[in-house]
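Try each task before reading its solution.

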Amino acid sequence: MDTTLFDRAAQFAIEAHRGAERRGKGFPYIIHPMEAAAIVATITNDPEMLAAAILHDTVEDTDTTIEQIEALFGSRVAHLVHIETAQKGLSWRGRREVQMERIRQADRDCKIVAMGDKLSNLRAIALDCRMLGDSLWNRFHAPDGKKDIEWYYRGLASALDELVDTPPYHEFLTLLEETFPSS
């Protein structure tokens, strides 16, 4: 397997996120994109999808532009990253509504990259919920805390349901029910 593209993407992401810390975690931010790429790797070995998974937060969270991603990694990687990039200038709920709709309308490859990101995030939320209980929800910028986070992750489960044939999707559903038990 040729890992040249992924290696370049990993180096780029490490540099782009240098000095950043995962909110509330106390470890380097790059761990999250690495985990997202590892999740994607359980579904595909497509080098562009793996590169997009490790780059998925560079445009949203750093000074990197989508044009830079396209110039360095190609139009497909840039498209996959774009689907994962939150729309700026909207309310918390508005950003999530746009993102869920983008994912819902996206092709399977985009959904796989999104699954890497969203499952990594949900793993962290589920672990923190076990450790911190309801104080966890104060960490989020969501106006209605836990209620909003549940609304978002249930919406993502629906938007990503094309991936029902994959183990990450089943893990996502399990963590969703563990974190937000149905009444």
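Buried means under 20% relative accessible area, exposed over 50%, and partly exposed in between (1.4 Å probe, protein chains only). Helices are DSSP runs of H or I with at least four residues, numbered from the N terminus. The model is predicted, so local features need pLDDT of at least 70 and side-chain atom pairs count only at pLDDT 80 or more, while totals for chains, interfaces and linings use all residues. Residues are numbered from 1 along each chain as its sequence is written, and side-chain values use heavy atoms, leaving out hydrogens and water.

**Exercise 1.** Find which residues in helix 6 (residues 75-84) are buried, and what they pack against.

*Solution.* Start with burial: Val-77, Ala-78, Leu-80, Val-81, Ile-83 and Glu-84 are buried. Next, look for contacts (heavy atoms within 4.5 Å). The buried residues of helix 6 pack against helix 1, helix 3 (47-55), helix 4 (58-61), helix 5 (66-73), helix 7 (92-105) and helix 8.

**Exercise 2.** Is Asp-144 buried or partly exposed, and where does it lie?

*Solution.* First place Asp-144 in the loop between helix 8 and helix 9 (146-159). Then check its relative accessible area: because this is 49%, Asp-144 counts as partly exposed. Finally, take Cys-129, 15 residues away in sequence: the C-alpha to C-alpha distance to Asp-144 is 16 Å.

**Exercise 3.** List the contacts of Ile-149, leaving aside neighbours within four places in sequence.

*Solution.* With those neighbours set aside, Ile-149 touches Trp-92, Ile-125, Trp-137, Phe-140, Ala-142 and Phe-180.

Notes:
Helix = DSSP H or I, 4+ residues; strand = E, 2+ residues; numbered from the N terminus.
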